[in-house]
Amino acid sequence: MPHMFTISPDFPPNSLAGWYIFNTWFQKNTGLNIHLNLYNSFEEQTIAIDNNKNDIVYVNPVDAVRLVRDKGFLPIARVKNRLDEVVIAVSEENPISMMCGLKPDLKLAMTANPDVNMISMMLLEAVDLNNSNVVKTTYDSYIIVVKNILKGEADAGLFLAKAYDDLSNVVKKQLKILLRSDVEELYHSLLIGPELADRQDEIQTLLVSMTDNPVGKGVLEALDFEGWLKIENEEMEFMIDLIDTLVPDTD
Amino acid sequence: MLEDMNVDDIVGDYKEATLKLYNLHSRKIFYTETEVSYPEGKLIVSTTDTKGVITHANPIFVEMAGYTRDELIGHNHSILRHPDMPSVAFKDLWNTVNEGRKWEGIVKNLRKDGCYYWVKATVIPNVRNGEIVSYTSVRRKPSVSAVDESIKLYKTLT
Ligand SMILES: Cc1cc2nc3c(=O)[nH]c(=O)nc-3n(C[C@H](O)[C@H](O)[C@H](O)COP(=O)(O)O)c2cc1C
């Protein structure tokens, strides 16, 4: 049975080829047989992960916390200089130019990305907006979020900052950023399932040293990554603690 | 033990007060009416040991507190205690986290320069192998209405 590898559905579509190149390189260097498994939505991915369908994952902090805590996944690495920040944006034509201009009954367009939504709701709380006085609509991609803002169907959109920055200039010219987060503590991470636990150190060393050789560098370029940084177990614990303070209580 | 605040660090007109900390020792503090607004889009993060001694502070925590990192790490979190904060708020904080639960509240903090800043704080116990080993606090920007309500409420408490 090959190992299953999945990545967060919030990656930009143009990096898809990069992940296939990475997977080929990774198999060659670990001797593992790995099948890259991509899901179209967070929902599909969550169901697959919950059914123990994947043992190598590249996921957002909220999912990482769940996997480490509930499924015994172990941290491997995160991408250098790539933090999870969010952008809250409105149409360029919107008279509102500051967060305090956002009022109750706000129509928000978003994707199902759990960490973007968590950070955004925390930022909106500062202007007295919360789940009870905003209307949220979830779309399949950021570009559909943009379309709904431009059509006036939504007042504001919630974006992963990297995804916002990767929008074309033509699109960005029609939007206005109200707030860009600067949390600096949250990041996507590569994790392995418990059955690969004895390979943790080896895989960490392998990924961190990718920048040391031309082949590894080429693979990183295909992914548009500067390199991997090792995640210590304690760093992961810290991110778990942080997420615990940020997720609203369900009880 | 926390040292008294230093008048030379204070910017502008100030008042003086003496805080009783952990019901043991007192600390002379100086405070002004100048507010420093919460930095947009940021989270202020710190961790303490089980006694409330700061063990980790992120860069924006250090910047907002106005102290150097060395003046914060290894010192009790009450180094930021503002006289307008009712002590019952912190009693509630400690009771809550010691029971293993999450505490949330609006807190007015005192900076080294005597200015203050408001935060919405969430404090959680960090549990490892079933035991509380430390506490983490994450602060975000509070809404104007939440601060106004707290100002009113805290005046009625001691
Ligand atoms: C993780 C954590 C963070 C805290 N952050 C603050 C803070 O920002 N400001 C503050 O005045 N007290 C904070 N406290 C509470 C202090 O430890 C202390 O209880 C409070 O300043 C009142 O002082 P006292 O307990 O000596 O009366 C924090 C406690 C914990 C566990």
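Predicted model: local features only at pLDDT ≥ 70, side-chain atom pairs only at ≥ 80, totals over all residues.
Visitor: What makes Thr47(B) a buried residue?

Guide: The relative accessible area of Thr47(B) is 9%, and buried means under 20%, so Thr47(B) is classed as buried. Thr47(B) belongs to strand β3 of chain B. Among the residues that Thr47(B) touches are Phe238(A), Val53(B), Asn126(B) and Tyr135(B).

Visitor: How do you know that chain B and chain A form an interface, and how many residues of each are in contact?

Guide: Contact requires heavy atoms within 4.5 Å, and 22 residues of chain B are in contact with 22 residues of chain A. The area buried between the two chains is about 1900 Å², with carbon and sulfur atoms giving 52% of that value. Leu43(B), Arg128(B) and Arg140(B) supply 30% of the area that chain B buries against chain A, more than any other three residues.

Visitor: Why is the pair Asp182(A) and Lys42(B) called a salt bridge?

Guide: The closest N and O atoms of Asp182(A) and Lys42(B) are 2.6 Å apart. The cut-off for a side-chain nitrogen of Lys or Arg and a carboxyl oxygen of Asp or Glu is 4 Å, so the pair qualifies as a salt bridge. Between chain B and chain A the count is six salt bridges. Eleven residue pairs are also found in polar contact across this interface, counting pairs with both residues at pLDDT 80 or more.

Visitor: Which elements of chain B each supply at least two residues of the side that touches chain A?

Guide: They are β3 (44-48), β6 (116-128), β7 (131-140) and α4 (144-156) of chain B. With five residues, β6(B) gives the most to that side.

Visitor: Why is the salt bridge of Asp241(A) and Arg128(B) said to join two chains?

Guide: The N to O distance is 3.0 Å, which falls within the 4 Å limit. Asp241(A) lies in helix α10 of chain A, whereas Arg128(B) lies in strand β6 of chain B, so the pair joins two chains. Both Asp241(A) and Arg128(B) are buried.

Visitor: What makes Glu104(B) partly exposed, and Lys120(B) buried?

Guide: Glu104(B) has a relative accessible area of 41%, and the class in between runs from the 20% limit of buried to the 50% limit of exposed; Glu104(B) is therefore partly exposed. Lys120(B), at 15% relative accessibility, counts as buried, as the limit is under 20%. The side chains of these two residues meet in a salt bridge of 3.8 Å, N to O. Glu104(B) lies in strand β5 (residues 103-110) and Lys120(B) in strand β6 of chain B, so the pair ties together parts that are 16 residues apart in sequence.

Visitor: How do you know that the buried residues of α9(A) line one face of the helix?

Guide: The buried residues of α9(A) (residues 214-223) are Gly216(A), Val219(A), Leu220(A) and Leu223(A). Seen down the axis, these residues fall within an arc of 100°, so they line one face. The face turned away from the buried side carries the exposed residues Pro214(A), Val215(A) and Glu221(A). The buried residues of α9(A) pack against α1 and β11 of chain A.

Visitor: Why are the buried residues of α8(A) placed on the same side of the helix?

Guide: In α8(A) (residues 200-208), Gln200(A), Ile203(A), Gln204(A), Leu206(A) and Leu207(A) are buried. They cover an arc of only 165° around the axis, which puts them on the same side of α8(A). On the other side, Asp201(A) and Thr205(A) are exposed. The elements packed against by the buried residues of α8(A) include α1 (16-30) and α10 (233-246) of chain A.

Visitor: Why is the pair Asp224(A) and Lys162(A) said to tie together parts that are apart in sequence?

Guide: Asp224(A) follows α9(A) and has a positive phi, near 65°. The closest N and O atoms of Asp224(A) and Lys162(A) are 3.4 Å apart, and the limit for a salt bridge is 4 Å. Asp224(A) lies in the loop between α9 and β11, and Lys162(A) in helix α6 (residues 161-165) of chain A, so the pair ties together parts that are 62 residues apart in sequence. Lys162(A), at 24% relative accessibility, counts as partly exposed. Arg82(A), Lys162(A), Asp166(A) and Asp224(A) are linked in a network of salt bridges.

Methods:
Residues numbered from 1 in each chain as written. Chains lettered and ligands numbered in written order. Heavy atoms only, no water. Buried area = accessible area lost by both parts, 1.4 Å probe. Polar contact = N/O pair within 3.5 Å; in protein donor to acceptor, adjacent residues only side chain to side chain. Helix = DSSP H or I, 4+ residues; strand = E, 2+ residues; numbered from the N terminus. Buried < 20%, exposed > 50% of the residue type's maximum accessible area, 1.4 Å probe, protein only. Arc of directions from axis to C-beta. Lists of a residue's contacts leave out its neighbours within four places in sequence.
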